[in-house]
Amino acid sequence: MASKDNDQQPKKKKPIQHLIGGGIAGFVESSICHPFDTVKTRMQLRDQSTPSKEDVKRMGSKATRDALGMVQGKTLISKENVHFNGLKSATWKQRMLSPALSSAAAAMSTASKAAVQTAHPVLADLGPFGTARQIVTREGPTALYMGLTAVYTGIIPKMAIRFVSFEFYRDNLTRWCNHYSGLPSSSTSLTSVTFTAGLLSGLTEAVAIVTPAEVCKIRMQSQQRQHTKYRNVVQTAGLIVKEEGIGALYKGVVPTMLRQGCNQAVNFTVYNLSKKAVVNWKKSKVEASGGDSSGVILNHWQSLVLGGLSGGMGPLVNNPLDVVKTRMQKQVIHAGKEPKYKSLVQSCVVVAKEEEVKALWKGITPRLLRIMPGQAITFMTYEAASRQMDTLGWFD
């Protein structure tokens, strides 16, 4: 990425360089990191609502509840997964019950059994690695790459819009600030300008490409392999428009805009500040030894590290937006039926009320595992591709 925070102004890149460099970076990054995104999406879509006090009271004796493992957030107990045949058996899908069940079930009353069958579902807190193992076991390793076609379809325009719009906003904001501050037009960008340009860049990409692409991606990721309704991004987009209208492709656009804006504001600001600090440090070392510091740039591994660190800042703050966005984009709206998740604030309240506040940070681990190496790869690949294009003189 061309950084104007360096003491010496680099040669300005043309938009086509941002297009090519960003597209290559996005392709490499998504190919490597997409499984983390699939795991994150499955975790965020998992309903972990806990049983009410009334449900627990109806469960009967403490021994029965202990035998059934009614520890909130740890065991799945629902009508579909517990089948009673008189008082003798209970069949579980994917889980083994405690040995104490046989004795506890014998003493369970009819009211207790009814309470078990009507209790709120409590899904196991598998964690990112458990979720990944479950996906691979049930659906095969390729299931981790479901929705990748939607990512590929959107990655080149997304990265092009991100880098081109960032440079456009930063150049114009810098020119405006310098004009009204009486500074030379060649003055470097202020940190506030970089932050604002990153914010506007994130908002732009969210509206232009990210929201429709993610609606398709999430629909494809959320389905089980044996029940495939959405096959590829084109078919998915067409089916969504046919069944729900074109507006359905923009479900969750507000939280997506807030998430992307926050991410890119922090991302570009931290990366540029870190890049400036490292380059200045390298220059000072070269100058101290009597060398020429005019050609000092970041090494590939330095771009990798700085990109990863900058990429991890945003998700820690805005993960609730990502959870709400995922829920809103996954739900299918039927005519005459009110959707469960209607707006940003209402959705946050519903998730926090039904599943506790910590549920708003579901998927943060796989998200960080996805975004941090993803941003590291993106910046390193972008810098390397841009540098190679300059070396070859493609756009001189």
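Guide: Here's a walk through the rings, then the core and a neighbouring residue.

A bit of housekeeping to begin with. The model is predicted, so to speak of a local feature takes pLDDT of at least 70 and side-chain atom pairs count only at pLDDT 80 or more, while totals for chains, interfaces and linings use all residues. Residue numbers start from 1 along each chain as its sequence is written, and side-chain values rest on heavy atoms, with hydrogens and water left out.

On to the rings. A pair of aromatic rings is described by the distance of the centres and the angle of the planes. Rings of Phe, Tyr and Trp (its six-membered ring) pair if their centres lie within 6.5 Å; planes under 30 degrees apart are stacked, over 60 edge-to-face, and the rest tilted. F268 belongs to helix α10 (residues 253-288) and F379 to helix α14 (residues 364-392), so the pair links distant parts of the chain, 111 residues apart. Helices here are DSSP runs (H or I, at least four residues; strands are E, at least two), numbered from the N terminus.

Buried means under 20% relative accessible area, exposed over 50%, and partly exposed in between (1.4 Å probe, protein chains only).

F379 has another partner. With Y271 it forms a stacked pair, 3.9 Å centre to centre and 15° between the planes. Y271 is in helix α10 and F379 in helix α14, so this pair ties together parts 108 residues apart in sequence. Y271 is buried as well, with a relative accessible area of 0%.

A nonpolar core is a set of buried Ala, Val, Leu, Ile, Met, Phe, Trp, Tyr and Cys residues joined through side-chain atoms within 4.5 Å. The largest one has 16 residues, and F163, Y271 and L298 make the most contacts inside it. Helices α7 (148-181), α10 and α14 each put in at least two residues, with α7 giving the most, six. Another core lies apart from this one, with 10 residues, among them A150, C216, V233 and L239. In soluble globular proteins, nonpolar side chains tend to be buried together.

One more stop on helix α14: T378 sits there. T378 is buried, with a relative accessible area of 1%. Contact means heavy atoms within 4.5 Å, and, leaving out residues up to four places away in sequence, T378 touches A25, E29, M159 and F163.

C177 counts as buried at 18% relative accessibility, whereas C262 counts as partly exposed at 22%.
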